[in-house]
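Here is a walk through one protein model, written for someone who likes to look at the structure while reading. Keep the viewer open and follow along.

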Amino acid sequence: QVQLVESGGGLVQAGGSLRLSCTASVKIDNINKMAWYRQHPGKQRELVAVIFRSGGLQYAESVKGRFTIFRDNAKNTVDLQMNSLKVEDTAVYYCNGGEDFFILPGNYWGQGTQVTVSS
């Protein structure tokens, strides 16, 4: 079973930046689909960004132009660079991976990392 571990969450002021990293128990480059999801309190988990091994990308409309997802094969991580953070970005962020080609959650999940953006 593939294990994913997130790091990099924390508290930041609105307008600031954070970078989340997700590492895996296997080579990240061997996982076809890697994504970041987030969950606001009392709401369903939602897709933030996904990247396929082919290089294909997709972002939620709410983060386009502010967040960037990328694979760092040298570090064996998938990172989410978050800029111009807003209070509404406050959520638990989860790393996700899978072997299919759909814009849907894969089978592998991390434990989540809290991101809090203060006004």
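**Around strand E9**

The model you are looking at is predicted, so local features are described only at pLDDT of at least 70 and side-chain atom pairs only at pLDDT 80 or more, while totals for chains, interfaces and linings use all residues. Residues are numbered from 1 along each chain as its sequence is written, and side-chain values use heavy atoms, with hydrogens and water left out.

A word on the labels: helices (H or I, at least four residues) and strands (E, at least two) are DSSP runs, numbered from the N terminus. Two strands count as paired if DSSP finds at least two bridges between them. With that in hand, look at the neighbours of E9. Strand E11 (residues 113–118) runs antiparallel to E9, and three bridges join the two. Strand E4 (residues 33–39) is also antiparallel to E9, with seven bridges between them; here alanine 35 stands opposite asparagine 96 in E9. Strand E10 (residues 108–109) pairs with E9 in the antiparallel sense over two bridges, and in that pairing glycine 97 faces tyrosine 108.

How enclosed is E9? Seven of its eight residues are buried, so the strand is largely enclosed by the rest of the structure. Buried here means under 20% relative accessible area, exposed means over 50%, and partly exposed lies in between (1.4 Å probe, protein chains only).

Cysteine 22 is joined to cysteine 95, with an S to S distance of 2.0 Å. The two ends come from distant parts of the chain, 73 residues apart: cysteine 22 belongs to strand E3 (residues 18–24) and cysteine 95 to strand E9 (residues 91–98). The link is left-handed, with -80 degrees about the S-S bond. Cysteine 22 is buried at a relative accessible area of 0%, and cysteine 95 is buried too, at 0% relative accessibility.

Finally, turn to two loops. Asparagine 76 lies in the loop between strand E7 (67–72) and strand E8 (77–82); its phi is positive, near 60 degrees, in a residue other than glycine. Serine 84 is placed in the loop between E8 and E9. Serine 84 is not a glycine either, yet has a positive phi of about 50 degrees, and with a relative accessible area of 42% serine 84 is partly exposed.

Conventions
A disulfide is a pair of cysteine sulfur atoms within 2.5 Å.
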